[in-house]
Amino acid sequence: MTTSINTLSDAWVSSPVGRIAAPLREQVIAALREAILDFRLKPGQRLVERELIEQLGVSRTTVREALRELTSEGLVTVVPQKGAIVTQPSLKEAHDLYEARAALESLLVERFAENASKSQVIRLSAAAEAFAEAAGRGEASAILAAKDVFYDVLVEGAGSSVFHQLTETTQARVRVLRAKAMSPEGHSQAVEELRGVVDAVQAGDGKRAAELYAIHIRRSGANALQSLREAEQAS
């Protein structure tokens, strides 16, 4: 049985922010986001304002602004009578989120194949190779960042504000699960899946590209669900 973590100092050690040029709010958001995605702050961990203020050396207003931003990204959830916690989706929520992603983002890929310029297709291929390089290094934050670039190119090339808004909603809610979906043995498979999507786009086969991307999303979802099941069994 795992032991619950009650305070931030037990879970995460961070130096006070404010020593670089970026606005304090952005520094706090970046520090918390990185800690959540790297699982130094785990799903369900309480984010107590007083502890954040003391640990990061910033004002209550800055902490609240950062928590609001992370809530909008889906990384933090505000629970009545409990306050802010690191988002902890249920198995059913996780399954539904990945099904929604597979449906919406496969349509985004198909629209990209229809509308993207030659330079955008080249950029998508470059993004897939950058993802391959990050996967080879095995750094979770770098892998997620590289996948974000791939997604951003898709959004730009698709040229649809409607699909952008819809997929952004699911992307925000699934960010914690994306980190859970990664496993070393799955990295090489993900690389080949994204390369397959690019190949289909370059061949002018949007429907095939969309099918391959849906397969990629559902496989990632299966990995995330397995991680959630294991976490529930351990607790």
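## A buried lysine and its surroundings

Lys147 is buried, yet it has no salt bridge. Its nearest side chain of opposite charge is Glu105, 6.0 Å away. A salt bridge needs the charged atoms within 4 Å, so this gap rules one out. Keep in mind that the model is a predicted one.

Where does Lys147 lie? It lies in helix α7. Leaving aside residues up to four places away in sequence, Lys147 touches Arg101, Phe131, Arg178, Leu194, Tyr213 and His216. One of these, Tyr213, comes up again below.

**The aromatic pair**

The count of aromatic pairs comes to one. The partners are Phe150 and Tyr213. Their ring centres are 6.3 Å apart, and their planes meet at 10°. Planes under 30 degrees apart count as stacked, so this pair is stacked.

Which parts of the chain does the pair tie together? Phe150 belongs to helix α7, which covers residues 140-158. Tyr213 belongs to helix α11, which covers residues 206-234. The pair therefore links parts that are 63 residues apart in sequence.

Are the two partners buried or exposed? Phe150 is buried, at a relative accessible area of 0%. Tyr213 is also buried, at 1%. Here are the two partners side by side.

| Residue | Helix | Relative accessible area |
|---|---|---|
| Phe150 | α7 (residues 140-158) | 0% |
| Tyr213 | α11 (residues 206-234) | 1% |

**The hairpin**

Now turn to the strands. Strand β1 spans residues 76-79, and strand β2 spans residues 83-86. They run antiparallel, and four bridges join them. Within this pairing, Thr77 stands opposite Ile85 in β2. Three residues sit between the strands of the hairpin. There, Gln81 takes a positive phi near 70°.

**The whole chain**

How many helices and strands does the protein chain have? The secondary structure comes to eleven helices and two strands. In sequence order, the pattern reads α-α-α-α-β-β-α-α-α-α-α-α-α.

The protein chain has 235 residues, and 48% of them are buried. Its accessible surface comes to about 11900 Å². Carbon and sulfur atoms account for 52% of that surface.

Contacts also reach along the sequence. Take those between residues at least 6 apart in the protein chain: 75% of them join residues at least 24 apart. The pair of Phe150 and Tyr213 ties together parts 63 residues apart.

Notes
Residues are numbered from 1 along each chain as its sequence is written. This is a predicted model: local features need pLDDT of at least 70, side-chain atom pairs count only at pLDDT 80 or more; totals for chains, interfaces and linings use all residues. Side-chain values use heavy atoms; hydrogens and water are left out. Rings of Phe, Tyr and Trp (its six-membered ring) pair if their centres lie within 6.5 Å; planes under 30 degrees apart count as stacked, over 60 as edge-to-face and the rest as tilted. Buried means under 20% relative accessible area, exposed over 50%, partly exposed in between (1.4 Å probe, protein chains only). Two strands pair if DSSP finds at least two bridges between them. Lys and Arg count as positive and Asp and Glu as negative; His and the chain ends are not counted. Contact means heavy atoms within 4.5 Å. Accessible areas come from the Shrake-Rupley method with a 1.4 Å probe; for residues, only the protein chains shown count as cover.
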